[in-house]
Amino acid sequence: MKPTIAVLLGDASGIGPEMAVKLLARPGNCEAAQLLLIADPLALESGERIAGQRLDPVRVDSLDALRFKPGRPSLLAQDTLQGRAPVLGESSEHSGRAAFEALQLATDAVRRKRVNGIVFAPFNKHSLRLGGLTQEDELRYMQERLDVSGFVCEFNITGKLWTSRVTSHVPLRDVASLITGPAIHDAVRIIRDALRSAGVAAPRIAVSGLNPHAGDGGSIGREEIDIIEPAVRALQGQGIDARGPYSPDTVFIGARRGDFDAVVSMYHDQGQIAMKLMGFEQGVTLHGGLPVPVATCASGSAFDIAGKGVANVEGLQRAFELCVRMARP
């Protein structure tokens with residue numbers, strides 16, 4: 001059976017609707033899965049106009065009335081824009097609310113087992129907060145809505161290389177206090193399990209240090225000696241191929257060479273800068289630890305090019321392909 005994937009437009013004021021339309025207009029994608037588009041029709045029309053392509057979705061009134069026809073997405077329409085076309089190129093409460101409520105509907109569909117995965121075009125976190133998001137980010141929102149009590153993590157993927165991180169969207173001043181043995185164990189195990197689910201039988205995982213030069217033997221900090229190295233040894237004792245801690249400024253050189261399947265970084269930019277330099281337009285973000293795969297592209301809402309019709313859809317295409325591969329009907 002084909003999986004059923006919910007597709008969201010992202011922020012209606014950014015490039016998300018254009019990207020989603022381009023994605024759904026590719027015939028092979030509608031054949032790969034049953035696609036449920038959750039969107040305000042005005043945002044969808046905006047995306048169609050910018051992309052220069054028209055979709056022909058099957059309108060459905062509710063999740064209970066969900067139906068699909070070959071080669072066509074189904075559309076569950078919202079009315080969050082209340083008849084006002086999105087203003088392109090800036091954060092707004094209206095676009096944020098439309099994106100946030102689409103995410104609510106998508107998580108409802110997961111809870112009711114009507115979809116097997118979610119793919120969303122780029123959100124804008126400021127707009128989401130204007131629209132009602134109170135959690136740290138959309139991942140923590142989905143964790144709460146889906147009653148997930150375990151560790152969750154944002155994975156970033158470029159080509160065959162994956163990353164997870166011990167801390168995520170927190171101020172840099174707070175990072176060191178959040179680096180603990182259990183947190184490192186969680187970040188390693190969750191990416192090991194996700195890689196297995198994606199088809200990598202025996203993942204090789206590099207663990208980054210926190211400090212410059214991985215602490216230089218304790219002269220630039222002791223987190224590597226006191227916390228990270230003991231955590232890596234404990235993981236090895238459990239049969240996990242974890243290695244490190246490696247110097248943060250060189251670990252991605254070996255990873256790009258193919259020495260590892262994944263790198264576990266200690267904080268957001270430590271991994272994100274390297275990954276985006278290696279393949280920004282093809283990058284994928286996967287939300288790990290949830291009951292279904294949830295994927296998007298690595299690029300953001302890109303207000304500066306919204307409405308110009310030049311948004312690259314390849315990252316979202318790869319996110320879609322990964323979600324379909326990992327989804328279980």
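The model is predicted. Its largest nonpolar core has 66 residues, and helix α8, residues 181-197, supplies the largest share of that core. Helix α8 also crosses helix α9, and Asp186 is found in α8.

**Nonpolar cores**

- Within the largest nonpolar core, of 66 residues, those with the most contacts inside it are Ile5, Leu37, Trp162 and Val188.
- Helix α8 contributes 8 residues to this core, the largest share.
- Apart from this core lies another, of 30 residues, which includes Leu36, Ile38, Ala106 and Val148.
- Leaving aside residues up to four places away in sequence, Leu37 touches Val7, Leu9, Leu24, Leu44, Leu55, Ser74, Leu75 and Leu76.

**Helices α8 and α9**

- The axes of α8 and helix α9 (residues 223-237) come within 9 Å and cross at roughly 50°.
- That angle makes α8 oblique to α9.
- The crossing of α8 past α9 is right-handed.
- On the α8 side, Gly181, Ile184, His185, Val188 and Arg189 make the contact; on the α9 side, Ile227, Ile228, Ala231, Ala234 and Leu235 do.
- By class, this contact of α8 with α9 has 7 nonpolar, 2 polar and 1 charged residues.
- Val188 of α8 takes part in the contact with α9 and is also one of the residues with the most contacts inside the largest core.

**Asp186**

- Asp186, in helix α8, is partly exposed, with a relative accessible area of 30%.
- Asp186 and Arg165 are 21 residues apart in sequence, and their C-alpha atoms are 9.5 Å apart in space.

**Helices α1 and α3**

- The axes of helix α1 (residues 16-24) and helix α3 (residues 41-51) come within 8 Å and cross at roughly 75°.
- The two helices, α1 and α3, are therefore roughly perpendicular to each other.
- Pro17, Glu18, Val21 and Lys22 of α1 meet Ala43, Leu44, Gly47, Glu48, Ile50 and Ala51 of α3 in this contact.
- The residues of the α1 contact with α3 divide into 6 nonpolar, 1 polar and 3 charged.
- Leu44 of α3 is part of that contact and is also among the residues that Leu37 touches.

**Helix α6**

- Helix α6 (residues 138-145) is largely enclosed by the rest of the structure, because 6 of its 8 residues are buried.
- The buried residues of α6 are Glu138, Leu139, Arg140, Tyr141, Met142 and Gln143.
- These buried residues of α6 pack against the helices α4 (93-111) and α5 (125-130) and the strands β5 (117-120), β6 (153-158), β11 (284-288) and β12 (294-297).

Conventions
Residues are numbered from 1 along each chain as its sequence is written. This is a predicted model: local features need pLDDT of at least 70, side-chain atom pairs count only at pLDDT 80 or more; totals for chains, interfaces and linings use all residues. Side-chain values use heavy atoms; hydrogens and water are left out. A nonpolar core is a set of buried Ala, Val, Leu, Ile, Met, Phe, Trp, Tyr and Cys residues joined through side-chain atoms within 4.5 Å. Buried means under 20% relative accessible area, exposed over 50%, partly exposed in between (1.4 Å probe, protein chains only). Helices (H or I, at least four residues) and strands (E, at least two) are DSSP runs, numbered from the N terminus. Contact means heavy atoms within 4.5 Å. Axes are lines fitted to C-alpha atoms, for helices over the stretch in contact, and angles run from 0 to 180 degrees between N-to-C directions. Angles under 35 degrees count as roughly parallel, over 145 as roughly antiparallel, 65 to 115 as roughly perpendicular and the rest as oblique. A crossing is left-handed if the near helix is turned anticlockwise from the far one by less than a right angle, and right-handed if clockwise. Ala, Val, Leu, Ile, Met, Phe, Trp, Tyr, Cys and Pro count as nonpolar, Asp, Glu, Lys and Arg as charged, and the others, Gly among them, as polar.
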